[in-house]
Amino acid sequence: MISIAMFNNKGGVGKTTLTCNLAAFSASVKRQRVLVVDCDPQCNASQLIMGEEFATDFYWNSDHKTSITTIRDILRPIEDGDSEISKEINPILSSKNRFEVDLLPGHPGFSIVEDRLGAAWHDLLGGDIGGIRKNNWNTEFCANVEEYYDIVFFDLGPSLGSINRSVLIGCDYFITPMGADIFSILGVRNIASWVEHWADLYENSIGLSQQRNPGRLDNYNIKERPSVLNGYLGYTMQQYITKSKQGVRRPTKAYEQIINSVPSIIEESMGPFFGENTSTESAKLGDIPHLYSLIPLAQSVATPILDLKSSDGLVGAQYKQREDYEEIIKKIAKNLYANLGESA
Amino acid sequence: MDWPISLVEELAARRCIVFLGAGASAGCLSAMDGNSPPTWPRFLENLKDRIPAPDRTETIDSLIQREKYLDAAEVILNKLPAADFTRAIRELFVQPRYEKSSIHESTLEIDPKVVVTTNYDDIYDAYCRTGIAQDGYNVCKYYEQHLATDLRSPVRVIVKAHGCVNDISKIVLSRSQYFRAKQENHEFYAILNSLFMTNTLLFLGYSMSDPDIQLILENSNIFSKSTHPHYALVGDDIIPDIEESMRKAYNIEFLKYRAGQYDEANRCVQDLAEQVEAMRASRLT
């Protein structure tokens, strides 16, 4: 099983759309067993995959008990002060949604665990085993679902906080979807220095703990070194709406400069995290064009873009746009799987 | 050439009807031999050559030469056996299996609610209706009854105002045929006229001497007092007097590319499609 965190420090870059559609592609085309874990308290992925009606029923009328567990349920023991996570994992099954993926839904209350994990980070810095275990909740979670899935996508919110840090500690790989604006590109720089900073402290703390209590960490699923340090798989770029003249697209000058500088910014900031099959060239997974009205339509019917049909309300040029998107997601998937060292 | 911003706006809001003439198909290449569908003079020449020798008068040549295509068509159809006409249409428009043109691609991207074409070929309709998209586009020929229904539904409509290669007996080519068609299909033409009066029209791939645009302009009420003109993309070899009189008579504004530079014309239409997309994106329509 491989685990991939989808992450950018800037919101609104099409991250959730990409995550869910890529996950659907892995499931339907690659025939993989896929789990999407919604770690963003804004729950966009849960809403997209399950649809608004389900979401309303699930989150608003939540007094009637369901057996489905959210990410908050998984971390409830940690919220309550334990160092363990719940082993009871009941995702929404792939047969219940059009993305054909299992979904561990998010929860707005998940942000509460931010403080717990923040405090646990301080314990970790002191070499405390409890703190180390809490920050490895996702290492443990991945071990618990290992035998059921081929690939797990984690959809993260845009903060550089303790939740996202702990998700990354447990993941093998990460991807940074980027929008066509300077802030999402600057965001990549933030991510790089943030990861470098905490990963350094993390490794030291593990060393400290092992020194003090030799062998004790072996009893738990603990990462000695975060895999994401060699797990950057690349980025996608959302295309900018250009004014064009005589068929030549003309981005604004400032934007053109930004676009041209992206590969070097990526190399400079993310280069140290490249996986063994990733290079500056291959890190560019693909460009995502502006999809205009296709995104709101796909959201309103909780469907992967590739699966949109006439009965979902496709009209006119949207048919062609859907077809174009198929090529785009194929290309991104091909590059992604190549960077994972697999043939597409 | 700059597209007027009001045209871009009207297309973005789907308040503009795109008209496709012979020039829109002229850029299509045959999958068999790499040829393109004939232009009007070549088409009429071809028909003329099929007329039995004694009837092949010089009058026809002279009419074609003087670009009196409607009259030439009238004479030709009087003398050409119907079976030979059918054969000609099949040979010229169906059998070569033409691929879509650049103008077809741009038109699909512009995504108007209504496309009217006077072309007989089915290249654009077949391109639009690829795969599951066949649910999204309806083709309405002038003798069919569902135009009003199509207009009120979410489907995109492709109106074939002069008929289609899949029913050659109903193809309209000459003035008298057009009158008969109008006589027999009141309702269709009433709807078409109301569309012309209430929408902006953009003519792509027409030359002002084309017989089909003459039929449309002479017999439809496209002029209505409005500060918003209709538009036509034409070569810059249009005769200034004709341009002026068309502008006055039909409220058409001419946008010009260098005559014969069809790549330039294609780029202009691509550019228009991109501007329309960009405007829709920025306004979320």
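## A tyrosine pair in chain B

Start with Y142(B): its relative accessible area is 7%, so this tyrosine is buried. This is a predicted model, by the way. Y189(B) counts as buried too, at 6% relative accessibility.

Y142(B) and Y189(B) make a tilted aromatic pair, with 6.4 Å from centre to centre and 40° between the planes. The two come from distant parts of the chain, 47 residues apart. Y142(B) is in the loop between β3 (137-141) and α9 (147-152) of chain B, while Y189(B) belongs to helix α11 (residues 186-198) of chain B.

## Over in chain A

Searching the whole structure turns up 23 aromatic pairs over all chains. Among them is Y232(A) with F274(A): the ring centres are 6.0 Å apart and the planes sit at 10°, under the 30 degrees cut-off, so the pair is stacked. Y232(A) lies in strand β6 (residues 232-238) of chain A and F274(A) in the loop between α9 (253-270) and β9 (284-288) of chain A, so the pair ties together parts 42 residues apart in sequence.

Buried or exposed? Y232(A) is buried, with a relative accessible area of 0%, and F274(A) is buried at 14%.

Chain A has a lysine over a ring as well: the charged end of K30(A) sits over Y337(A), 4.0 Å from the ring centre.

Key
Residues are numbered from 1 along each chain as its sequence is written. Chains are lettered from A and ligands numbered from 1 in the order in which they are written. This is a predicted model: local features need pLDDT of at least 70, side-chain atom pairs count only at pLDDT 80 or more; totals for chains, interfaces and linings use all residues. Side-chain values use heavy atoms; hydrogens and water are left out. Rings of Phe, Tyr and Trp (its six-membered ring) pair if their centres lie within 6.5 Å; planes under 30 degrees apart count as stacked, over 60 as edge-to-face and the rest as tilted. Helices (H or I, at least four residues) and strands (E, at least two) are DSSP runs, numbered from the N terminus. Buried means under 20% relative accessible area, exposed over 50%, partly exposed in between (1.4 Å probe, protein chains only). A charge sits over a ring if NZ of Lys or CZ of Arg is within 6 Å of the ring centre and within 35 degrees of the ring normal.
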